[in-house]
Amino acid sequence: MRHQLRPLFDQVVIKELEPDRVRRSGLVVPPGTHEPPPQHGIVLAVGPGLDWWGSVGVVMPVKPGDHVVFPASAGGWVEVDEERLLVCRVGELLGVLESVQDCPHCADIPLAAGDSCPVCGRTAESLT
């Protein structure tokens, strides 16, 4: 029987992504014991959040499928059906990685030649 971990309150369940072993220079880094712990992953499940007194609480800013970044010290690692998962509070997450076309600042703004978005760095030339 397969199991699924359902987080409670303001907890999220994250599946670690394998670290990229190929660097920009083309050097392949072999797996080893000096490798830093994973610091990004995909959200698998999200708790319902916290709701104190009916209107004040923590609304969950992430959803399943989001690619998130977290510090090495975040949460705790558990193993479910031979799969290593991170369970942490949503407040421990550092952010959500989004593609450039999803930039909230310039996604709907046409950029003139020579202009660039101050948030994501997209330029008019990068669109062609």
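This is a predicted model: local features need pLDDT of at least 70, side-chain atom pairs count only at pLDDT 80 or more; totals for chains, interfaces and linings use all residues.
Let me begin with Asp-66 and Lys-63, which form a salt bridge whose closest N and O atoms are 3.0 Å apart, where a salt bridge is taken as a side-chain nitrogen of Lys or Arg within 4 Å of a carboxyl oxygen of Asp or Glu. Asp-66 counts as buried, at 11% relative accessibility, whereas Lys-63 is exposed, with a relative accessible area of 51%; the cut-offs here are under 20% relative accessible area for buried, over 50% for exposed, and partly exposed in between, with a 1.4 Å probe and protein chains only.

Residues are numbered from 1 along each chain as its sequence is written, and side-chain values use heavy atoms, with hydrogens and water left out.

In general terms, side chains of opposite charge can pair when their charged atoms come close.

Let me turn to the fold. The secondary structure of the chain comes to zero helices and eight strands, and these are DSSP runs numbered from the N terminus, with helices being H or I of at least four residues and strands being E of at least two. Of the 128 residues in the chain, 25% are buried.

Which order do the strands take in the open sheet of six? The order is β6-β7-β1-β2-β5-β8, with antiparallel pairing, and two strands are said to pair if DSSP finds at least two bridges between them. At the edges are β6 (76-80) and β8 (95-97), each of which pairs on one side only. Neighbouring strands of this sheet are turned by 45 degrees against each other on average, direction ignored, where axes are lines fitted to C-alpha atoms, for helices over the stretch in contact, and angles run from 0 to 180 degrees between N-to-C directions.

β6 and β7 run antiparallel and are joined by five bridges, with Gly-76 standing opposite Val-87 in β7. These two strands form a hairpin with two residues between them, and Asp-81 in the turn has a positive phi of about 50 degrees. On the next step, β7 pairs with strand β1 (residues 11-16) in the antiparallel sense, over five bridges. Val-13 has Val-87 as its bridge partner in β7, and Ile-14 stands opposite Leu-86 in that strand.

Beyond that, β1 and β2 are antiparallel with five bridges between them, and the bridge partner of Lys-15 in β2 is Ile-42. Ile-42 in turn has His-67 as its bridge partner in β5, within an antiparallel pairing of β2 with strand β5 (residues 67-69) over three bridges.

Finally, the second largest pocket, which has a volume of about 160 Å³. A pocket here is an open set of points on a 1 Å grid over the protein atoms alone, where a 1.4 Å probe fits and protein lies on both sides within 12 Å along at least five of seven lines, and lining residues have an atom within 4 Å of a point. What supplies at least two residues each to this lining? Strands β2 (40-46) and β7 (83-89) do. The lining includes Val-13, Asp-81 and Glu-83, which we have already met in the pairings above, and by class it has six nonpolar, two polar and three charged residues.

Terms used:
Grid points are joined across faces, edges and corners, and a volume is the space filled by probe spheres set on the points. Ala, Val, Leu, Ile, Met, Phe, Trp, Tyr, Cys and Pro count as nonpolar, Asp, Glu, Lys and Arg as charged, and the others, Gly among them, as polar.
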